[in-house]
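Hi everyone, thanks for making time this morning. I'd like to walk you through one site, so let's bring up the sequence and the model.

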Amino acid sequence: MRVQEPPSHTFQVDLRGLVDLLSHHLYSSPRVYVRELLQNAVDAVTARQRTEPDAPSEIRLTVLPGALRVDDPGIGLTEADVHRFLATIGSSSKRDDLAGVEVARREFLGQFGIGLLACFVVADEITVVSRSAVDPAATPVEWRATSDGAYTVRTLPADARAEAGTTVTVTARHGAEPWFTAERVTELAGSFGALLRHEIRVVADGVTTTVNRTPAVWDRDHPTPDARRAALLTYGYETLGFAALDVVDLDLPLVGVRGAAYVLPVASNPLERGGHRVYLKGMLLSESASKLLPEWAFFARCVLDAEALRPTASREALYDDETLAAVREALGERIRGWLTGLAATDPERLERFLSVHQLGVKALAVHDDELLRTMLPWLRFETTAGTLSLAELARRHPVVHLARTVEEFRQVSAIASAQGLGVVNGGYTYDAELVEKLPTVAPGTSVVPLAADAVVAHLDAVPADRELAVAAFLAAARARLDKLDCDVVLRAFHPVTVPALYLDSREALHERSRAQAEAEADPLWTEILSNLRSTAPRAQLVLNDHNPVVRTVAALTEPELRDTAVDALYGQALLMTHRPLRTTESALLNRALGDLLTWAADQTRTREA
Ligand SMILES: Nc1ncnc2c1ncn2[C@@H]1O[C@H](COP(=O)(O)OP(=O)(O)OP(=O)(O)O)[C@@H](O)[C@H]1O
């Protein structure tokens with residue numbers, strides 16, 4: 001049995017729905033109507049100049065009461081063109097086989113065949129009067145379209161339009177008149193068309209203003225490099241609204257990108273990477289484009305004009321394709337080159353840059369040994385010898401101890417530096433990773449992890465007779481702090497001003513949170529958690545036998561006062577770690593201080609009585 005082919009149909013289009021979609025919903029603002037008109041005029045001039053290089057090029061926007069008229073001396077349209085391109089949604093002469101897709105992409109701004117419909121967002125009627133420059137025998141033609149999708153076409157007498165070119169008139173829809181004022185049209189034409197290669201003039205109330213100034217600042221001749229830099233900086237200030245720390249020339253001839261990257265004068269959120277101002281073939285695409293620079297370059301904002309990047313259909317963002325990825329990489333390379341150049345030639349400017357953007361550079365150096373090597377002398381780290389570069393620290397201490405957390409560093413920094421150890425705080429973002437890379441870029445150095453017990457091992461034990469003399473006190477102190485999972489030891493160390501150190505290894509911290517969870521858990525979990533009980537080292541309170549207060553406390557005989565004093569030493573050591581105290585810890589510290597104050601007040605009263 002023969003199976004019959006099912007009948008084939010073609011899509012039906014509800015024209016009003018399509019016009020509504022393309023005019024009202026594709027673009028984020030009615031502003032774009034001026035851009036689309038400008039774009040068609042520029043493309044028409046470009047098309048004509050391909051065969052007639054000396055053809056006129058001035059584009060004129062005339063503000064009329066409740067309407068805008070755009071005149072261009074471009075390629076124009078024949079009656080057949082009108083039907084084929086203007087009256088067919090999605091049809092565009094700019095990807096015509098005649099032009100060739102690649103040529104079209106490179107030379108024309110438009111490509112989708114929908115742009116003119118954007119005018120319906122502010123207009124009820126669009127009229128196009130055109131005369132073809134290709135066919136001198138063709139008569140002028142008029143196309144009149146309304147937003148409900150209806151249009152008429154008629155040919156006009158030859159004298160209705162003597163010159164080749166096109167005039168588009170857009171009549172304001174009721175309520176959209178504010179988009180047609182002289183001020184608004186001038187602003188929009190100036191903003192979208194600032195870098196267009198053909199002269200754009202706005203005529204309003206008898207006054208003619210040229211709104212674009214080409215060539216772009218980066219394409220102009222400047223008498224000296226300093227003058228060029230000053231001109232680029234001024235331009236950056238005018239367009240981006242900030243006085244940049246520095247400016248980097250961007251020029252990628254292969255992908256036709258020209259422009260400049262401006263270094264932000266204040267630290268920025270690394271997650272906010274947009275804000276680039278991008279022009280495509282001179283027409284503003286976006287004031288807040290993203291993904292133009294690699295993640296690490298979050299300290300820079302670009303203004304650039306690109307030939308080969310593709311816009312999305314709304315022409316408000318860049319199409320995220322391989323070309324954009326290649327451009328991103330190449331621009332990143334430029335910015336990297338600028339940084340390494342600064343390190344070699346302008347350390348003062350580099351210092352200024354790093355004082356604001358050190359974090360960004362560290363983020364980059366983590367993945368880039370070459371940059372790390374260049375930047376090593378400039379990046380600053382918190383160390384026991386103060387805020388230093390790793391290179392400086394390594395000169396003083398070929399073995400660098402790395403504290404993994406800010407807390408670990410704070411616990412031991414005073415004491416480690418008194419012992420002559422070089423410790424670097426690896427607790428801040430990127431720092432640990434960078435420090436670990438030190439031996440690869442600075443041979444002869446080594447990095448070892450810092451363990452709290454290693455610091456205790458460096459501290460001098462007290463003589464045996466002294467240990468014996470304070471044995472009872474130490475036993476009492478241990479008993480007192482046992483419930484807090486803290487051991488007590490006595491050592492003699494510098495600086496003498498530090499009475500006690502609280503040392504807490506990561507394992508001990510972990511064990512304590514496990515124990516806390518166990519205490520709060522229901523019976524089933526209690527059993528599971530208690531099976532996990534580890535033999536991890538407990539926290540340690542290291543009392544300093546050189547410290548006068550510790551010596552006094554160790555000699556106390558009255559048990560209650562001694563316990564309170566032990567609590568106070570414990571609390572004080574906790575405070576020195578700079579970590580937030582738990583509720584039980586601050587309660588203990590408050591109680592101990594309160595008791596000590598009461599005791600001192602009682603003593604004074606007794607003495608005075
Ligand atoms: N001023 C003009 N001069 C000559 N032809 C024009 C003019 N304006 C529009 N056209 C013709 O009308 C076609 C459709 O224009 P439209 O603006 O809708 O789309 P496009 O410019 O081709 O692409 P896009 O949707 O990307 O803007 C164009 O391809 C062009 O052939």
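**Around the ligand**

Let's start with the ligand: 24 residues surround it, and the closest are N40, S92, S93, G110 and G115. Here, a residue is near a molecule if its C-beta atom, placed from the backbone, lies within 6 Å of it. Helix 2, helix 3 (79-86) and strand 6 (165-172) are the elements that each give two or more residues to this shell. Helix 2 provides the largest share, five residues. Helices (H or I, at least four residues) and strands (E, at least two) are DSSP runs, numbered from the N terminus.

A quick word on the source: this is a predicted model, where local features need pLDDT of at least 70, side-chain atom pairs count only at pLDDT 80 or more, and totals for chains, interfaces and linings use all residues. Residues are numbered from 1 along each chain as its sequence is written.

Now, which residues does UniProt list for "binding site"? The unreviewed entry gives E36, N40, D72 and T166; its positions are in the numbering used here, feature names are shortened, and annotations may be inferred rather than shown by experiment. These residues span 131 residues in sequence, yet no two of their C-alpha atoms are more than 14.3 Å apart, so they gather at one spot.

Leaving out residues up to four places away in sequence, E36 touches G115, L116, A118 and C119, while N40 touches G110, G115 and L116. Contact means C-beta atoms, placed from the backbone, within 7 Å.

Technical notes
Two residues are in contact if their C-beta atoms, placed from the backbone, lie within 7 Å.
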